[in-house]
Amino acid sequence: MAASPEPEAWLLENGNIKVLSKEMKNGGRRSHNMSASSLRKKSDLSLVSRIRVGLLRLFLANLQEVLLGTKLSVLFVAIPFAIFAKCRNYESPWIFALSLLGLTPLAERISFLTEQIAFFTGPTVGGLLNATCGNATELIIAILALIKHKVDVVKYSLLGSILSNLLLVLGSSLFCGGIVNLSKQQKFDRKQADVNSLLLLLGLMCHVFPLIFKFAGKSTELIAVRTLQLSRACSVIMLVAYIAYLLFQLWTHRQFFEEQESEENNDDDYVVSNDESPVISFWSAFIWLALMTGVVALLSEYVVATIEAASDTWGLSISFISVILLPIVGNAAEHAGAIIFAFKNKLDISLGVALGSATQISMFVIPLSVIVSWIAGIGMDLDFGLLGTSALALSIIVTSFTLQDGTSHYIKGLVLLLCYVVIAACFFLFDAPL
């Protein structure tokens, strides 16, 4: 039986229907975006299409696609409530909680908008944009916390993001995928996992030596200066390694990732839905991306300003809130998407989300924060303390051993989750600066 021809993709732009070329449809699509797409829902534009005014029809169509095109759209209600609570000087814990809830759908929508832009820029520029904006929320929170000289909050939140991706996200994906697919042999491509593991180990080395400096020297002031200098040098090295990783992923060995995604797309149970073509125009996506980035910055400022008050009110240490709560809420959309694809036995996508995000935080966001603090005259180094560095080292080692054979079952995921529970218990009881 002959396969039905592929329907032409269309785009509502300036009130007119446009047919998209193949080049426009083949944007830079990465595991991060494929995971986020599992939380999207198809918009019904039948009512909007009846509006005769072109600009109004375009605006309402974009509004429906951007704000209502996600299963997390109900959480957008938290954004005006957070702003209202701030303007009315409500208690800080309420502002903190509402801001965290508001950040959850925004992180998913930024992923959606960068993917829309990638359809028009091509796979290379789109891939760079996705790699840069993949963890925009964490980067914005880190920069705002640095501006307020809250270096410990920056370190804790970024450390927590890595631990959350390696143990909670990956562990949940492997556990849920193993339970649902008990009768199937779950396999994944080790090439991407090996590259990410190497980069994470390099990042770990850059954290270990500044910590060793603290215990190796005698002069406290001199060691502090040397630790800061070493951290800045290591940060430059980490950024160079991350740039090399982008070259590897987007140019020299791009075929590895394209083959992986092609295999995923050819499976019968993988639903591509409407994510294979853009649903809004380039400039619409760009304007929405700028607006949502501004809202993320506003809510992130609320989070940074109220974290101490929330810690005192709830009786939780700042370390626990930063390491455990912030990453869980801030990356909820990404986490859910990874688990959904694990249900479908798409472990390559789940691993791409978890390991890719952990690598980006470790090799891009953390060293960039050190460089920014250097420019701003703030003394942030790569010393995450004995507890933080130990948790990071053990998490990377356990994850590497878990992924070494290219197969998975639910017990591997359970072990990773239990490791995360142990680390969470440590930071729950730990109430001291790094």
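## The nonpolar patch

Helix α17 supplies the largest share of the nonpolar surface patch, 6 residues. Helices and strands here are DSSP runs (H or I of at least four residues for helices, E of at least two for strands), numbered from the N terminus. The model is a predicted one, in which local features need pLDDT of at least 70 and side-chain atom pairs count only at pLDDT 80 or more, while totals for chains, interfaces and linings use all residues. Residues are numbered from 1 along each chain as its sequence is written, and side-chain values use heavy atoms, with hydrogens and water left out.

The patch covers about 850 Å² and is made by I179, V180, L182, F343, Y410, I411, L414, V415, L418 and V421. Patch residues have over 30% relative accessible area and no salt bridge, and nonpolar side chains (Val, Leu, Ile, Met, Phe, Trp, Tyr) are joined within 5 Å, like charges within 9 Å. A salt bridge is a side-chain nitrogen of Lys or Arg within 4 Å of a carboxyl oxygen of Asp or Glu. V415 sits in helix α17 and counts as partly exposed because its relative accessibility is 41%; the cut-offs are under 20% for buried, over 50% for exposed and in between for partly exposed, with a 1.4 Å probe and protein chains only.

## The whole protein

The protein has 17 helices and 4 strands. Of its 434 residues, 55% count as buried. Areas come from the Shrake-Rupley method with a 1.4 Å probe, and for residues only the protein chains shown count as cover.

Among contacts (heavy atoms within 4.5 Å) between residues at least 6 apart in sequence, 83% join residues at least 24 apart.

## Helix α15

Helix α15 holds 29 residues, 347-375, and should span 42 Å at 1.5 Å a residue; its end C-alpha atoms are 40 Å apart, which agrees. The expected span is 1.5 Å times one less than the number of residues. A kink of about 35° is centred on I361 in α15, the bend being the angle between axes fitted to the seven residues ending at a residue and the seven starting there.

The helix is mostly covered, with 25 of the 29 residues of α15 buried. S373 belongs to α15 and is buried, because its relative accessible area is 0%. Apart from neighbours within four places in sequence, S373 is in contact with L146, I378 and M380. Just after α15, G377 has a positive phi of about 80°.

## G160 in helix α8

G160 lies in helix α8. This glycine counts as buried because its relative accessible area is 0%. Not counting residues up to four places away in sequence, G160 touches V323 and P327. G160 and P327 are 167 residues apart along the chain, yet their C-alpha atoms are separated by 6.1 Å.

## Two loop residues with positive phi

Most residues other than glycine have a negative phi. N89 has a positive phi near 60° and is not a glycine. N89 is in the loop between α4 (78-87) and α5 (92-121), and counts as exposed because its relative accessibility is 66%.

H149, also a residue other than glycine, has a positive phi near 60°. Its place is in the loop between α7 (136-147) and α8. At 57% relative accessibility, H149 counts as exposed.
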